[in-house]
Amino acid sequence: MAVEVMSGHILKKMVKNGFLTDGDVSMLLEEKRHSNEPMVELILRHEFMDAERLADFLAKELGCSSISLNGLTLNDQLIQLIPSHFAQKYHVLPVARQNNTLTVAMENPADVPLIDDLQAITDLKIEVALAFPSELKKA
């Protein structure tokens with residue numbers, strides 16, 4: 001199962017930058033306690049931010065790029081680099097390869113142990129890109 005990308009630190013930065021209020025955060029945390037829904041999906045569902053702005057903010061905070069998987073044509077050769085059961089369990093999707101570097105879309109680009117596992121599985125350098133959980137499930 002994937003690790004939640006939204007930490008308290010990131011939520012505080014969202015308040016500091018005016019994207020959320022303290023009340024919004026309290027409401028989101030309470031709703032999160034009663035649901036399995038990822039925090040990014042809650043923020044989008046409540047329309048606190050649009051998807052593009054949220055992706056840009058999170059990618060900047062996490063030091064990576066973001067990618068929209070909507071309309072992306074998947075490459076079968078890339079897909080085969082990661083076992084399907086692993087990709088589904090950890091919500092990862094290989095989206096590009098250049099030489100010995102594989103770009104992998106994932107919910108939490110800060111999950112270092114998962115990145116290490118991907119490197120071991122593929123024997124490639126892994127470059128991560130943030131993708132929303134809902135898009136990874138559809139892909």
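Where is the place of G71? G71 sits in the loop between β1 and α5, in a predicted model whose local features need pLDDT of at least 70 and whose side-chain atom pairs count only at pLDDT 80 or more, while totals for chains, interfaces and linings use all residues. Residues are numbered from 1 along each chain as its sequence is written, and side-chain values use heavy atoms, with hydrogens and water left out.

**View A. The loop between β1 and α5, with G71 and L72.** Helices (H or I, at least four residues) and strands (E, at least two) are DSSP runs numbered from the N terminus, and the loop that holds L72 runs between β1 (65-66) and α5 (76-79). G71 counts as exposed at 76% relative accessibility, whereas L72 counts as partly exposed at 33%; here buried means under 20% relative accessible area, exposed over 50% and partly exposed in between, with a 1.4 Å probe and protein chains only. The C-alpha atoms of G71 and A139 are separated by 9.3 Å, although these residues are 68 apart along the chain. L72 and A59, by contrast, are 13 residues apart in sequence and 19 Å apart in space, C-alpha to C-alpha.

**View B. The largest nonpolar core and a second, separate core.** A nonpolar core is a set of buried Ala, Val, Leu, Ile, Met, Phe, Trp, Tyr and Cys residues joined through side-chain atoms within 4.5 Å. The largest such core has 35 residues, of which M14, I43, L54, I82, V92 and L118 touch the most other members. Two or more residues come from each of α1 (8-16), α2 (22-33), α3 (39-45), α4 (51-62), α6 (84-90), β3 (101-106), α7 (112-122) and β4 (125-130). In soluble globular proteins, nonpolar side chains tend to be buried together.

**View C. The surroundings of L54.** When residues up to four places away in sequence are not counted, L54 touches M14, V40, I43, L44, M49 and F132, where contact means heavy atoms within 4.5 Å. L54, M14 and I43 are also among the residues that touch the most other members of the largest nonpolar core.

**View D. The largest pocket and its lining.** On a 1 Å grid over the protein atoms alone, a pocket is an open set of points where a 1.4 Å probe fits, with protein on both sides within 12 Å along at least five of seven lines, and lining residues have an atom within 4 Å of a point. The largest pocket has a volume of about 280 Å³, the volume being the space filled by probe spheres set on the points, which are joined across faces, edges and corners. Its lining consists of 13 residues, of which A87, Q88, V92, L93 and A139 lie nearest the centre, and the elements that give two or more residues to this lining are α6, β2 (92-98) and α8 (133-138). The lining divides into nine nonpolar, three polar and one charged residue, with Ala, Val, Leu, Ile, Met, Phe, Trp, Tyr, Cys and Pro counted as nonpolar, Asp, Glu, Lys and Arg as charged, and the others, Gly among them, as polar.

**View E. The two aromatic pairs.** Rings of Phe, Tyr and Trp (its six-membered ring) pair if their centres lie within 6.5 Å, and planes under 30 degrees apart count as stacked, over 60 as edge-to-face and the rest as tilted. F19 and F57 form an edge-to-face pair, with 5.3 Å centre to centre and 70° between the planes. Because F19 lies in the loop between α1 and α2 and F57 in helix α4, this pair ties together parts that are 38 residues apart in sequence; F19 is buried, and so is F57. The rings of F86 and Y90 have their centres 4.7 Å apart and their planes at 45°, so this pair is tilted. Both F86 and Y90 lie in helix α6, four residues apart, about one turn of the helix; F86 counts as buried at 11% relative accessibility, whereas Y90 is partly exposed, with a relative accessible area of 23%.

**View F. Positive phi values at H91 and N99.** H91, in the loop between α6 and β2, has a phi near 55°, a positive value in a residue other than glycine. N99, in the loop between β2 and β3, likewise has a positive phi near 55°, and N99 counts as exposed at 65% relative accessibility.
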